[in-house]
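Please read them with the structure open.

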Amino acid sequence: MVGTPFTRGVSGGERKRTNIGMELIIDPSVLFLDEPTTGLDAGTALTVLLLLQRMSRKGKTIIFSIHQPRYSIFKLFGSLTLLANGRLVYHGPSAEALDYFSGIGYTCEPFNNPADFFLDVINGDLFAVSTHKALDSYPEIVGNSSDLNKKTTIAENLASEYLKSRYYSEMMSELNKLSQGNASNSEPATRRITYTTSFLHQLKWVTKRSFKNLLRNPHASVAQVMVTLVLGLIVGAIYFGVQDDNAGIQNRAGAIFFLTTNQCFGSLSVIELFIAEKKIFMHEYISGYYRIHAYFIAKLFVDLIPMRALPAITIVTASYFLIGLKLQAGAFFIALLTLAQVSVTAASLGLAIATGQNTTAAATLMITVIFVLMILFSGLLVNLPSVVVWLNWLKCTGEEFLAKQGIEATEWALWQNHLALAGIMLICFMISFLKLRFMKKTS
């Protein structure tokens, strides 16, 4: 495991290599790296640079910054760019850099690392190199002047020397050719995300990664099923053996109401599905790791089955027979289907609200208000005919509402409710996907 804010995970060097490996997944033609050897030991750093060199020989362009490389790494460079105080003091073949600096009065001592030598020069450490010509030419940088003035003066002198060199002329000639070629194409350049793998390949690996992350967090997976099992047994014990009388009808309604409400509020954890990994998703998507629909389907598949459907099946199985509901296989499986569909639909509503949000606080507040309103106007906690007229639009269930909608208390009417839940679920998933699709992914 790479690590989380709460778990240390791998070491810094392993994390660095993992970051490089992730960038290589999309097989880029140009690769930018910021100090890829920082935090690595000498052997590992050399191995990483040898890999990058092999990639460059295959036609890849590798551009990276590096801090104090040893000589075995430095000699792998093909081109070298040196900056001092933000000014370009050298850009050209790394093999010719020592000769260039020697020509302007900065000679590298024998057995000195060229990389350290260049740092000494641009940082103004004139006594670390043989710079008799430089000291004679620029006596103003020696005296009692401050270190900042010394570095500024040296940077200006190095930059002016570079402007006179053939390397600068060759670089400007190449840039002019490139600029003239771009000028012929007047259309503005647009960034187009390309993919090196198929949709099924992306779906497979995103699903595999999401499932591994789920298993690594047992508090959100296995623990939820166990808690649901215990809660189902408690509900079954409270409503144990209901009778066929008025009290039994009330207990059945109370048990079903509690199971349904529990599944709705138990689905609130889905809010974090796209918020917790928002920054990771944006980086990986714009880098071309996977398509949006591959990521969306994989996350839904891993979340809905173990985190929504499985707890619903567990709580119904644990409480159904203890309560004493209809002892028929058809009725039992209808109860399983209904609770699972309620849980998935509640999760889809949470996704439709939470997708694209930056924090879970606002999304949690909004979905909680919606669930509370649905519970209040379900027909069990308030007498619907007594509700004021201007709140009639909130009445979503109850016999009076069903009769006005032309829905009868029949078996087909039951399946109509399932169709309605499926419709709500699909619409909410579509809203969530569109919000993910059109969410701003760049700063």
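Predicted model: local features only at pLDDT ≥ 70, side-chain atom pairs only at ≥ 80, totals over all residues.

1. Residue numbers count from 1 along the chain as its sequence is written.

2. **A nonpolar surface patch.** Val222, Met226, Leu229, Leu233, Phe240 and Leu322 form a nonpolar patch on the surface. Together they have about 540 Å² of accessible area. Which helix gives the largest share of the patch? Helix H10, residues 222-238, supplies four residues.

3. Leucine 229 lies in H10. Its relative accessible area is 33%. Leucine 229 therefore counts as partly exposed, since that class runs between the 20% and 50% limits.

4. **Packing of H11 against H15.** Two packed helices are described by the angle between their axes and the distance between the axes. Helix H11 covers residues 246-266, and helix H15 covers residues 329-354. Their angle is about 35°, and their axes lie 8 Å apart. The crossing of H11 and H15 is right-handed.

5. **Residues where H11 and H15 meet.** On the H11 side are Leu259, Thr260, Gln263 and Cys264. On the H15 side they meet Leu339, Val342, Ser343 and Ala346. Display these side chains to view the contact between H11 and H15.

6. Side chains of opposite charge can pair when their charged atoms come close. The count here is seven salt bridges. Salt bridges that share partners join Glu96, Arg166 and Glu170 into one network.

7. **Glutamate 284 with arginine 209.** The closest N and O atoms of this salt bridge are 2.9 Å apart. The pair links distant parts of the chain, 75 residues apart. Glutamate 284 is in helix H13 (residues 278-286), and arginine 209 is in helix H9 (residues 199-215). Arginine 209 has 31%, so it counts as partly exposed.

8. **Lysine 299 with glutamate 277.** These side chains meet in a salt bridge at 3.3 Å, N to O.

9. **Aspartate 244 with arginine 252.** Their side chains form a salt bridge of 2.9 Å, N to O. Aspartate 244 is exposed, with a relative accessible area of 76%. Arginine 252 is partly exposed, at 22%.

10. **Surroundings of arginine 252.** Arginine 252 belongs to helix H11. What does arginine 252 touch, not counting residues up to four places away in sequence? The contacts are Val242, Gln243, Asp244, Gly324 and Leu325. Asp244 is also the salt-bridge partner of arginine 252. Tyrosine 239 is 13 residues from arginine 252 in sequence. The two are 7.8 Å apart in space, C-alpha to C-alpha.

11. **Glutamine 341.** This residue is found in helix H15. Glutamine 341 has a relative accessible area of 12%, so it is buried. Leaving aside neighbours within four places in sequence, glutamine 341 is in contact with His418, Leu421 and Ala422.

12. **Positive phi at aspartate 27.** Most residues other than glycine have a negative phi, and most peptide bonds are trans. Aspartate 27 has a positive phi of about 50° although it is not a glycine. Its place is in the loop between helix H1 (12-25) and strand S1 (30-34). At 46% relative accessibility, aspartate 27 counts as partly exposed.

13. **Positive phi at glutamate 35.** Glutamate 35 is not a glycine, yet its phi is positive, about 50°. Where is glutamate 35 found? Glutamate 35 is in the loop between S1 and helix H2 (42-57). Its relative accessibility is 29%, so glutamate 35 counts as partly exposed.

Definitions and conventions
Heavy atoms only, no water. Patch = residues over 30% accessible without salt bridge, like charges linked within 9 Å, V, L, I, M, F, W, Y side chains within 5 Å. Areas by Shrake-Rupley, 256 points an atom, 1.4 Å probe, with all protein chains shown as cover. Salt bridge = Lys/Arg side-chain N within 4 Å of Asp/Glu carboxyl O. Helix = DSSP H or I, 4+ residues; strand = E, 2+ residues; numbered from the N terminus. Buried < 20%, exposed > 50% of the residue type's maximum accessible area, 1.4 Å probe, protein only. Axes fitted to C-alpha atoms, helices over the stretch in contact; angles between N-to-C directions. Left-handed = near helix turned anticlockwise from the far one by under 90°. Contact = heavy atoms within 4.5 Å.
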